[in-house]
Amino acid sequence: MSKFAPALALSAALVSLPFAAAAQSQLDQFEALSERMTELTYQGLAEQFPQVQGLLPSAEWDRPMRRAGRCALRAYEAEVGEAGVAAMLAELASAIGSARPSDMFDGTFSAGVPEGLSAQDVQRINTECGGTELQMQRLAESGVMQALQAQ
């Protein structure tokens with residue numbers, strides 16, 4: 001189980017940026033990127049653990065996920081500024097565009113950490129904003145966690 005936990009945590013972390021029209025656009029972009037990253041993570045998870053096939057929840061954000069994402073973006077911006085958030089989103093878009101599902105688990109996918117923050121900072125922010133808990137809740141409710149534990 002520890003083999004896929006970092007990718008799930010990163011995915012949840014990425015579920016999570018000053019807020020006027022530009023910020024709303026960043027949130028929409030972040031949502032789309034996070035959903036695609038979650039889809040890739042789920043595909044990679046299903047490739048490594050076939051018993052989760054058919055159990056994986058939707059990658060789409062709902063209202064609580066959107067609140068968590070807004071919280072995370074605000075926290076990122078407080079730490080690295082609006083330009084840092086824009087750079088992170090651009091890097092994430094580029095990385096996701098060429099990513100394979102296996103990249104989420106073999107350590108080759110590394111985008112999504114704003115310059116000036118560590119992966120631990122991102123995990124902390126997303127945990128504080130509730131994104132990690134929401135993602136883990138989805139995996140538990142869908143039966144994925146139980147299927148992985150039974151393996």
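The model is predicted, and its count of aromatic pairs comes to two. Phe30, Trp61 and Tyr76 make up one aromatic cluster.

**Aromatic pairs**

- The ring centres of phenylalanine 30 and tryptophan 61 are 5.9 Å apart and the ring planes stand at 85 degrees; planes over 60 degrees apart count as edge-to-face, so this pair is edge-to-face.
- Phenylalanine 30 belongs to helix H2 and tryptophan 61 to the loop between H2 and H3, so the pair ties together parts 31 residues apart in sequence.
- Both phenylalanine 30 and tryptophan 61 are buried.
- Phenylalanine 30 also pairs with tyrosine 76: the ring centres are 6.4 Å apart and the planes are at 80 degrees, so this pair is edge-to-face as well.
- This second pair links distant parts of the chain, with phenylalanine 30 in helix H2 and tyrosine 76 in helix H3, 46 residues apart.
- Buried means under 20% relative accessible area; phenylalanine 30, at 0% relative accessibility, therefore counts as buried.
- Tyrosine 76 also has 0% relative accessibility, so tyrosine 76 counts as buried.

**Overall make-up**

- The protein has seven helices and zero strands, which gives the pattern α-α-α-α-α-α-α along the sequence.
- Of its 151 residues, 47% count as buried.

**Helix H3**

- Helix H3 covers residues 63-98, and its end C-alpha atoms are only 29 Å apart, whereas a straight helix of 36 residues would span 52 Å at 1.5 Å a residue.
- At valine 80, H3 bends by about 115 degrees.
- The N-terminal end of H3 is capped by aspartate 62, which has a side-chain oxygen 3.0 Å from the backbone nitrogen of methionine 65.

**Nonpolar core**

- The largest nonpolar core contains 35 residues, and Val52, Tyr76 and Phe109 have the most contacts inside it.
- At least two residues of this core come from each of helix H2 (21-48), H3, helix H4 (103-106), helix H5 (119-129) and helix H7 (144-149).
- H3 supplies nine residues, the largest share of this core.
- In soluble globular proteins, nonpolar side chains tend to be buried together.

Conventions. Residues numbered from 1 in each chain as written. Predicted model: local features only at pLDDT ≥ 70, side-chain atom pairs only at ≥ 80, totals over all residues. Heavy atoms only, no water. Helix = DSSP H or I, 4+ residues; strand = E, 2+ residues; numbered from the N terminus. Expected span 1.5 Å × (residues − 1). Bend = angle between axes of the 7 residues up to and from the residue. Polar contact = N/O pair within 3.5 Å; in protein donor to acceptor, adjacent residues only side chain to side chain. Core = buried A, V, L, I, M, F, W, Y, C linked by side-chain atoms within 4.5 Å. Buried < 20%, exposed > 50% of the residue type's maximum accessible area, 1.4 Å probe, protein only. Phe/Tyr/Trp six-rings, centres within 6.5 Å; stacked < 30°, edge-to-face > 60°.
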